[in-house]
Amino acid sequence: MKRQYERPVIQKLNTGIMNKFGTRTEYEPYTHIDGVSVKSLIEQFGSPVFVMSERTIRENYRDAVRAFTTRYPKVQFAWSYKTNYLNAVCDVFHQEGSWAEVVSRFEYEKALHNGVPGNKIIFNGPDKTDDDLTVAIENNSPIHIDHLDELYRLTQLASDMAKRPNVAIRINMDTGVYPMWDRFGFNYENGAAWDAINKIMTSDHLNLVGLHTHIGTYMLSPSAYAAAATKMCDLALGIRRKYDKVIEYIDMGGGFASKNTLKGAYLRGSDTVPGIDEFAEAISSAFLNAEFKKGELPYLYLETGRALVDNAGFLLGSVISNKRLADGRRATIMDFGVNILFTSFWYDHKISPAQGFGTYTEDTVIYGPLCMNIDVVRENISLPPLKAGDHVVVHYVGAYNITQSMQFIALRPPVVMIDMQGKPHIIKKKEVLATLEKDEVTPDYLKEFKL
Amino acid sequence: MKVKRNLALSDSGFLFNPSTGDSFSINPIGQEIFHLLKEGKSQQDIEKYILENYMTDKDTVEKDFYDFTVMLKNFKLVEDNE
């Protein structure tokens, strides 16, 4: 009987020198997602294909809710649409009880279309037109004001409409981490936040119900949230003292890191990223330690995106070819590139072979299929020898890839969701040329030519 | 192509080059090819042997044999006149 074939490999051993890229990382093939084989998914839906696990989304959400509600009594999550706004994904979060957090008009419309009541759509973002604000006022949505121009326009609109919209202001602050996120909202330290609060409180047209902050993205430090929560509570208590106004909610935004590994990190994200309980402990403690009077404890809103969905997304792909680079390194060309895996610009994604392999590995560069030099999925990864047609699974791709993907050179693949019973459903179809050309308009005089 | 005579390959795939002090690791199929090369077998013979003993196809074997021997040359493990 013939033996299983593996590509012959020879590699030089460098004793005494640490391998900058770490040791071998994959010991087991990743053959199934929620009980469905990778091979069958690729046979049914083609390669590449994004796969979302409904089970993982629900487990993540319930885990986060448990982490916060066991520490603080008034908690509300709002699903960050920009993280992944496929309707099926949003609906899973809404079924679990999550509101919607949107940063643009089309996201706002999406949330409405998904059936989220207007007063449960938090409207963030620096670019809200008069029309956007008018719709948000009519729907009684909490509007989070980003800058003074928006504040003035909103005040005028509210006056014209004879309505008093519920608003919050976005606060940025020094939380002890670098870089400080200070481009969104009003600064706490330089007095801009109080200036905006004073303007709202002395206006009859706006109802200040909340305070909002978003201190950063992929935050690895729970203590930064503790610092931010303390300052936010301080502001809320200051408003209570100065204006005798009880702030209904403090929105701590999102930014909790997922278990992905940042480029340049020595250790893997799964070993270094704090769990959701650590963030919950830091924020809840700051809220409980603030001197809110009995019955005036504000709601804690959370707009967690990445940490709830990143590990629920997988990208299945196949090897197109292998080649040897000028310096002797192995390069493997995959059928998925940076156009659909945008996060590979800042993450070293975990990539697992989807079929059995031997004990030998090679340092490999993973390239995508785009005819562009920037199309590098992994600059260096230790993988067993893969041959053309072999399948791989890219992990932690549920956040920001589907929303930031583009039809650059290659069209975008389908997205499949595996339900709680292990049945795959198409939730976004594979794109075709017509998808791309749908909105193109070619003037008639350009349509004819002779070559 | 002939690999250098003084190279020592252990059963576990550890290859030592006493001339330079370099050491290498070779996977099992690579070890078989290495031994066949050392015995003076031709590329055709080796490819035939692989096809008879492994579940693979001619194109794959040809591509991988080429890649493996390029690496042997790269690591200076073949006779200089090769």
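How far apart do the C-alpha centres of domain 1 of chain A and domain 2 of chain A lie? They are separated by 33 Å. The model is predicted: local features need pLDDT of at least 70, side-chain atom pairs count only at pLDDT 80 or more, and totals for chains, interfaces and linings use all residues. Residues are numbered from 1 along each chain as its sequence is written, while chains are lettered from A and ligands numbered from 1 in the order in which they are written.

**View 1. The two domains of chain A.** Domain 1 covers 32-51 + 311-431 and domain 2 covers 54-309; these bounds come from an automatic or database domain assignment. Between them, 20 residues of domain 1 are in contact with 20 residues of domain 2 (contact: C-beta atoms, placed from the backbone, within 7 Å). On the domain 1 side, helix H12 (401-404), strand E21 (415-418) and strand E22 (424-428) of chain A each give two or more residues (helices, H or I of at least four residues, and strands, E of at least two, are DSSP runs numbered from the N terminus). E21(A) gives the most, with three residues. By class, the domain 1 side has 12 nonpolar, four polar and four charged residues (Ala, Val, Leu, Ile, Met, Phe, Trp, Tyr, Cys and Pro count as nonpolar, Asp, Glu, Lys and Arg as charged, and the others, Gly among them, as polar).

View 2. A:Ala64 is found in helix H2 (residues 54-69) of chain A. This residue is buried because 23 other C-beta atoms lie within 10 Å (buried: 20 or more such atoms within 10 Å; exposed: 12 or fewer; partly exposed: in between; C-beta atoms placed from the backbone). Not counting residues up to four places away in sequence, A:Ala64 touches A:Phe77, A:Ile276, A:Thr304 and A:Leu308.

**View 3. The largest nonpolar core.** This core has 117 residues (a nonpolar core is a set of buried Ala, Val, Leu, Ile, Met, Phe, Trp, Tyr and Cys residues joined through C-beta atoms within 7 Å). Among the members that touch the most others are A:Val51, A:Ala100 and A:Ile169. Helix H8 (residues 222-243) of chain A gives the most to the core, with 10 residues. Domain 1 and domain 2 of chain A each supply at least three residues. Leaving aside neighbours within four places in sequence, the contacts of A:Ile169 include A:Ile145, A:Phe186 and A:Leu211. Apart from this core lies another, of 18 residues, among them B:Phe24, B:Ile33, B:Leu37 and B:Phe68.

View 4. Four strands form an open sheet in the order E2(A)-E3(B)-E2(B)-E1(B), with antiparallel pairing (two strands pair if DSSP finds at least two bridges between them). Strand E2 (10-13) of chain A and strand E1 (8-9) of chain B stand at the edges, each with a single partner strand, so one side of each has no neighbour in the sheet. Four bridges join E2(A) to strand E3 (residues 23-26) of chain B, and A:Lys12 has B:Phe24 as its bridge partner.

**View 5. Contact between chains A and B.** Chain A contributes 17 residues and chain B 22 residues. The largest share of the chain A side, four residues, comes from E2(A). By class, the chain A side has six nonpolar, four polar and seven charged residues. E1(A) pairs with strand E4 (residues 54-55) of chain B in the parallel sense over two bridges, where A:Gln4 stands opposite B:Met55.

Notes:
Two residues are in contact if their C-beta atoms, placed from the backbone, lie within 7 Å.
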